Amino acid sequence: MLKFVKGYMESIEGVATYPMISLLIFFVFFAVLFWWVLTASKAHIKEVSELPLEKDNQQNFEL
């Protein structure tokens, strides 16, 4: 099975660029996420962290 996939992938022209593009997308996503976490305001983080604890937003599901 692996030989079939390897042989097929070698026949595709420019296939080596796909792992580099994937790595670049991965790196950019996590760099932007890290930047957002560092620059997010403490008030926003506190507000979002308390959302599950608010009683007025909870719905009662009774059967």
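Before I start on the side chains, I need one cut-off: a residue is buried under 20% relative accessible area, exposed over 50%, and partly exposed in between. I also note that this is a predicted model.

**Aromatic rings.** I looked up Phe 30 to begin with. Its relative accessibility is 40%, so Phe 30 counts as partly exposed. Then I searched the whole structure for aromatic pairs and got two. One of them joins Phe 29 and Phe 30, with the ring centres 5.0 Å apart and 80 degrees between the planes. I have that pair down as edge-to-face, because an angle over 60 degrees counts that way. Phe 29 and Phe 30 also belong to one aromatic cluster, together with Phe 26.

**Charges.** Next question to myself: how many salt bridges does a search of the whole structure find? I got one. It links Lys 46 with Glu 50, and the closest N and O atoms are 3.2 Å apart. My cut-off for a salt bridge is 4 Å, so the pair qualifies. Are the two partners buried or exposed? Lys 46 has 51% relative accessibility, so I write it down as exposed. Glu 50 has 35%, so Glu 50 goes down as partly exposed.

**Thr 17.** I checked where this residue sits, and the place of Thr 17 is in helix H2. The side chain of Thr 17 reaches back to the backbone oxygen of Gly 14, at 2.7 Å. With 42% relative accessibility, Thr 17 counts as partly exposed.

**Overall fold.** Which elements does the protein have? I found three helices and zero strands. Reading from the N terminus, I get α-α-α.

**Confidence.** The average pLDDT of the protein is 82, and 84% of the residues score at least 70. Among the elements, helix H2 (residues 17-39) has the highest mean pLDDT, at 95. Helix H1 (residues 2-10) has the lowest, at 74. My Thr 17 entry above belongs to helix H2.

**Surface.** How much of the protein counts as buried? Of its 63 residues, I get 2%. The accessible surface comes to about 6,700 Å², and carbon and sulfur atoms account for 70% of that.

Technical notes: Residues numbered from 1 in each chain as written. Heavy atoms only, no water. Phe/Tyr/Trp six-rings, centres within 6.5 Å; stacked < 30°, edge-to-face > 60°. Buried < 20%, exposed > 50% of the residue type's maximum accessible area, 1.4 Å probe, protein only. Salt bridge = Lys/Arg side-chain N within 4 Å of Asp/Glu carboxyl O. pLDDT = per-residue confidence, 0-100. Helix = DSSP H or I, 4+ residues; strand = E, 2+ residues; numbered from the N terminus. Polar contact = N/O pair within 3.5 Å; in protein donor to acceptor, adjacent residues only side chain to side chain. Areas by Shrake-Rupley, 256 points an atom, 1.4 Å probe, with all protein chains shown as cover.
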